[in-house]
Amino acid sequence: MDEFIDIVTKQGEPTGKSVPKSIIHKEGHYHNTAHVWFYTNNGGVLLSQRSAKKIIFPLLWDVSVAGHIDTGETIIQGAIRETKEEIGLSLFENDLIKIGVYECFQTYENGIIDNEFHHSFISELKVALSDLIPQTEEVEALKLISTDDFKQLIDNINDNENHFVPSNKSYYETVLQNIIRRIK
């Protein structure tokens with residue numbers, strides 16, 4: 001079943017309109033997503049390998065949890081729901097630390113138009129990696145890497161042999177800086 005997504009303006013303001021997710025990407029409407037980056041207190045960063053079934057960047061490593069905000073949901077509610085769905089982890093609002101909203105406006109060769117506002121959070125991962133349950137439609141695998149390894153992936157983002165989703169390098173650097181500040 002196609003989920004409905006609220007349309008926002010190019011400035012991120014609500015329009016009061018919503019359309020199915022398939023239409024959002026077909027017509028390039030601006031919309032909100034939530035990104036949750038998990039870290040451990042000993043310097044690990046949780047990466048999620050995108051499912052082989054994904055249309056965009058299948059099998060590449062990316063943000064711990066990401067997803068669209070459904071019609072009528074708050075950003076926080078969407079982040080909590082997506083975390084539960086994608087990795088089986090229950091969160092509370094106070095577990096999430098918002099680090100910003102990042103514009104991601106991209107068009108892909110397959111016709112998908114992503115005009116997304118990534119509402120980005122960091123959160124401490126307080127359970128073992130083995131306690132997480134990946135949603136097979138979204139997540140192929142999960143792994144923890146060190147902040148040093150994460151920095152190397154970012155530094156080599158355009159030269160990393162298709163390991164990591166290419167994206168806005170400054171966005172990843174901001175995520176890493178925020179995680180390092182929380183660990184120290």
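Buried here means under 20% relative accessible area, exposed over 50%, and partly exposed in between (1.4 Å probe, protein chains only). The model is predicted, so that local features need pLDDT of at least 70 and side-chain atom pairs count only at pLDDT 80 or more, while totals for chains, interfaces and linings use all residues. Residues are numbered from 1 along each chain as its sequence is written, and side-chain values use heavy atoms, with hydrogens and water left out.

**View A. The buried side of helix 3.** Helices (H or I, at least four residues) and strands (E, at least two) are DSSP runs numbered from the N terminus. In helix 3 (residues 147-155), the buried residues are T147, F150, L153 and I154. They lie on the same side of helix 3, because they cover an arc of only 115° around the axis, taken from the directions from the helix axis to the C-beta atoms. Their cover includes strand 3 (30-39), strand 4 (44-50), strand 9 (139-146) and helix 4 (169-183), contact meaning heavy atoms within 4.5 Å.

**View B. The salt bridge between K54 and E138.** The closest N and O atoms of K54 and E138 are 2.7 Å apart, a salt bridge being a side-chain nitrogen of Lys or Arg within 4 Å of a carboxyl oxygen of Asp or Glu. This pair links distant parts of the chain, 84 residues apart, with K54 in the loop between strand 4 and strand 5 and E138 in the loop between strand 8 (113-124) and strand 9.

**View C. Salt bridges of R81.** R81 forms a salt bridge with E73 at 2.6 Å, and both residues are buried. R81 also meets E85 in a salt bridge (3.2 Å, N to O).
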